[in-house]
Amino acid sequence: MTSQTITAAASGTWKLGDLTVNRVGFGAMRLPQHGEAFAADAVPRDRDQAIGVLRRAVELGVNHIDTAAFYFSPLRSANELINQALAPYPDDLVITTKVGPGRDPSGQWLAHATPEQLRGQVEENLRQLGRDHLDVVNLRIVGTDSIAERFGALAELREAGLIRHLGLSNVRPHHLAEAQTIAPVVCVQNMFGIGASPEQKEFLDICGEQRIAFVPFYSIAGTGRTAGATTDHSPQVHAIASTHGVSTAQIRLAWTLHQGSHVLAIPGTGDLDHLAQNVAAGSLHLSEDELTALDPLHHETA
């Protein structure tokens, strides 16, 4: 597999509202630092290296970047790196951000934003990215309580022209149903990958039935979460990777993309070689037998 010549266009496309994106995108969470995201002792990534990765991603056809104002380490902010690397932005580039969580300047987590505080978070993303509007804003939540007031606040900002489209992150099906009574939802961003539960797969399918993009996070990291790619691969994953001559991470990405044409991938990295491999995974075809071999792994890990 010559990953150097494969672009994100090989993964196919989907729409976020009226915005068409290639199904393999880029997640900026790991970009500001080496090692685990949000770690207090994180070593900032070299600025030129981070900028080089972002520019190369766009060269490889990536036109969907996922970010947040709370993605920062000492000295580095994902949003400001994106701004410096890519502004003036290509016409087809879609930048998705999320609000709800927040961190103080020392990196400590704050209580999730109230409806009144969400406008400030939206404006901070606008400032850092150098935009007059945000393409997609996901409301990220914790828990099962009603999101009506918070999502309603974002819907008002959408009506005011600060946001083009709205999405949800870390939610349950009832949150999606509640949000849709307030404003259109173009994407759901939840944890998903090999090892996902039947309930998670059911929610993915619900989104597909409604033509809503499903955007998994930690599809490579798995149980590694913010620390990065898991090393806990099953024999099946290793065997299929060996057959195709690719990495286990590429198999995890390819399997995730095979779960539906509405599934988008947002793998993140600060490494140019890993970036090329992630993009190339969008062209990888898994056979029915291979998918069947991987499917029972669905409920082995959380």
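Guide: What follows goes from the sheet to the salt bridges and then to the aromatic rings.

This is a predicted model, in which local features need pLDDT of at least 70 and side-chain atom pairs count only at pLDDT 80 or more, while totals for chains, interfaces and linings use all residues. Residues are numbered from 1 along each chain as its sequence is written, and side-chain values use heavy atoms, with hydrogens and water left out.

The sheet comes first. Helices (H or I, at least four residues) and strands (E, at least two) are DSSP runs, numbered from the N terminus. Two strands are said to pair if DSSP finds at least two bridges between them. An open sheet is built from seven strands with parallel pairing, in the order β3-β6-β9-β10-β11-β12-β13. At its edges stand β3 (26–27) and β13 (213–214), each of which pairs on one side only. The parallel strands β12 and β13 are joined by two bridges, and cysteine 187 has alanine 213 in β13 as its bridge partner. Helix α4 (residues 148–159) packs on this sheet and touches β9, β10 (134–140) and β11 (163–169); contact here means heavy atoms within 4.5 Å. The direction of helix α4 makes about 160° with that of β11, where axes are lines fitted to C-alpha atoms, for helices over the stretch in contact, and angles run from 0 to 180 degrees between N-to-C directions.

Salt bridges are the next topic. The term means a side-chain nitrogen of Lys or Arg within 4 Å of a carboxyl oxygen of Asp or Glu, and the structure holds nine of them. One of these joins aspartate 66 to lysine 98, at 2.8 Å from N to O. Because aspartate 66 lies in strand β6 and lysine 98 in strand β9 (residues 94–99), this pair ties together parts that are 32 residues apart in sequence. Buried means under 20% relative accessible area, exposed over 50%, and partly exposed in between (1.4 Å probe, protein chains only). Aspartate 66 is buried, at 3%, and lysine 98 is likewise buried, at 3%. Aspartate 205 is partly exposed, with a relative accessible area of 30%.

The aromatic rings complete the picture. Rings of Phe, Tyr and Trp (its six-membered ring) pair if their centres lie within 6.5 Å; planes under 30 degrees apart count as stacked, over 60 as edge-to-face and the rest as tilted. This rule gives eight aromatic pairs. Among them is the tilted pair of phenylalanine 38 and phenylalanine 70, with 6.4 Å between centres and 40° between planes. Phenylalanine 38 belongs to the loop between β4 (33–34) and β5 (43–44), and phenylalanine 70 to the loop between β6 (64–66) and β7 (72–73). Phenylalanine 70 is buried, at 6% relative accessibility. Phenylalanine 192 and tryptophan 255 form a stacked pair, 5.8 Å centre to centre with 15° between the planes. Tryptophan 255 lies in helix α8 (residues 248–257), 63 residues from phenylalanine 192. Phenylalanine 192 is buried at 2%, and tryptophan 255 is buried at 0%.
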